[in-house]
Amino acid sequence: MAATTHYEARLAHNHETISTIGVGLAMVRDVIERNVMDPGEDEIQQLRREAIDSVVGMGASQETVEAKVEYDSSRNLLRAEAEGSTELQTRDLSQGTVDESELRKTAASSLDAKAETIEKFASIGRLSVYQSEETSSKFFGLVSSGTQRLAVLDKSGVVKLKLNDAGVYKATGELLTKVVDKVLDEESVFSNASAKLPNLYICHGNQLLDVSGISSREQIHSLLDVEFEEIPDSEQLLILAEKP
C-alpha cells in the first residue's frame, strides 16, 4: 500500500509484541450523552465533569485528561467526550523530545508539503503550531487563492491535530473572550440569514481544547468560562479556527 500511494513506511522492530504493549499504554476514553433543550453553562459543566471523572476513575492521569463537549441542536443531544493517558504512558513516554528539524519534517509529512515550505507560527508549553500555504489557481490561472493548513505537534513529535483552510490567532487569558469573538466574526461562513461557525481549538499550557462541536456563540463562551475560569490574565494561548 505504501509503495502504491508513495508514502513512507517501515516495519517496526519487535512488532509481534506491539499489540500487547499497546493495550497497556492505551488512551482511556469515555462518552456521556444527555437529551437537553438549549443547554446552559451549568449543564455543560456538569456533563463535562462527569466525563472527566469517568476516565480518571478508569485509570487516566488527571493532568492528561482532555474533554470535548458537542451539542446537536437538531436532536437536542448534549455529548461530552473525555480522553486521557494512563499513568504508565505518562511516566514512560512524555519525557522524550525531538529537535526542531525533526518536528518540521514531521509537520511537513503530515501536511503533505515540503519541509522548506513549513513555517513555525508559535509554541505554547509542549505544543507547537506549524503552517503551510497552499495556492490553487482557477479560470486558467487568471485567479489564484491561498489556503492555510496547520499542524499541531508536541515536543515528542506526535501530530496532535491537522487542519485545512484554517487561521491561527494569539490571545491572552485577559483578552480571550474578545479574541474569540473576533475569530468567530472573521472565520464564520455566512449564507442567507444563517452563519456557520468555524471549528475552534485552543492551545493552552500542554493541552489542546477542542471546541469544534459547539453550534452557538453563547455555548462556546459558556464552555470557555468553565475551562478557563482560573486562567491568569497574562497566560498566552493560541486559537485555531478551521473554516466550516
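**Entry: serine 110**

I started with the contacts of serine 110. Leaving out residues up to four places away in sequence, serine 110 touches Ala151, Val159 and Lys162. I placed serine 110 in helix H5. Its relative accessible area is 16%. I count serine 110 as buried, because the cut-off for buried is under 20%. I note here that the model is predicted.

I stayed in H5, which covers residues 100-110. Glutamate 100 forms a salt bridge with arginine 104. The closest N and O atoms of this pair are 3.7 Å apart. I asked myself how many residues separate glutamate 100 and arginine 104 in the helix. They are 4 residues apart, so about one helical turn separates them. Glutamate 100 is partly exposed, at 32% relative accessibility. Arginine 104 is partly exposed too, with a relative accessible area of 25%.

**Entry: other salt bridges**

I took the total next: the structure holds 15 salt bridges. One of them joins the side chains of glutamate 50 and arginine 34, at 2.7 Å from N to O. Which elements does this pair link? Glutamate 50 sits in helix H3 (residues 41-57), and arginine 34 sits in strand S1 (residues 28-35). The two are 16 residues apart, and the pair links distant parts of the chain. I then looked up accessibility. Glutamate 50 is partly exposed at 27%. Arginine 34 is partly exposed at 36%.

I also checked arginine 75 and aspartate 72. Their side chains meet in a salt bridge of 3.1 Å, N to O. Is arginine 75 buried or exposed? Arginine 75 is exposed, with a relative accessible area of 54%. Aspartate 72 counts as partly exposed, at 27% relative accessibility.

I turned to glutamate 81, in strand S3 (residues 77-84). At 19% relative accessibility, glutamate 81 counts as buried, because the cut-off is under 20%. I looked for its polar side-chain contacts. One joins glutamate 81 to arginine 29 at 3.0 Å. Another joins glutamate 81 to arginine 79 at 3.4 Å. I listed its contacts as well, skipping residues up to four places away in sequence. Glutamate 81 touches Arg29, Asp30, Val31, Glu66, Ala67 and Lys68.

**Entry: valine 180**

I moved to helix H6 (residues 176-187), where valine 180 is found. Its relative accessibility is 0%, so valine 180 counts as buried. What does valine 180 touch, not counting residues up to four places away in sequence? The list is Leu200, Ile220, His221, Leu224 and Ile239. I checked one of these contacts along the chain. Valine 180 and histidine 221 are 41 residues apart in sequence, and their C-alpha atoms are separated by 8.6 Å.

**Entry: nonpolar cores**

I looked up the largest nonpolar core, which has 37 residues. Which of its residues touch the most other members? They are Leu200, Ile220 and Ile239. Leaving aside neighbours within four places in sequence, isoleucine 220 is in contact with Val180, Leu184, Leu197, Leu200, Val211 and Ile214. As a general point, nonpolar side chains tend to be buried together in soluble globular proteins.

**Entry: helix H7**

I checked how far helix H7 (residues 217-227) is covered. H7 is mostly covered, with 8 of its 11 residues buried. I wrote down the buried residues of H7: Gln219, Ile220, His221, Ser222, Leu223, Leu224, Val226 and Glu227. Valine 180 touches Ile220, His221 and Leu224, among others. I then asked what covers the buried residues of H7. The cover includes H3, strand S2 (66-72), H6, strand S11 (199-204) and strand S12 (207-210).

**Entry: aromatic rings**

I searched the whole structure for aromatic pairs and found 0. I did find a charge over a ring. Lysine 170 lies over the face of phenylalanine 121, at 5.5 Å from the ring centre.

How values were computed: Residues numbered from 1 in each chain as written. Predicted model: local features only at pLDDT ≥ 70, side-chain atom pairs only at ≥ 80, totals over all residues. Heavy atoms only, no water. Phe/Tyr/Trp six-rings, centres within 6.5 Å; stacked < 30°, edge-to-face > 60°. Lys NZ or Arg CZ within 6 Å of the ring centre and 35° of its normal. Buried < 20%, exposed > 50% of the residue type's maximum accessible area, 1.4 Å probe, protein only. Contact = heavy atoms within 4.5 Å. Salt bridge = Lys/Arg side-chain N within 4 Å of Asp/Glu carboxyl O. Core = buried A, V, L, I, M, F, W, Y, C linked by side-chain atoms within 4.5 Å. Polar contact = N/O pair within 3.5 Å; in protein donor to acceptor, adjacent residues only side chain to side chain.
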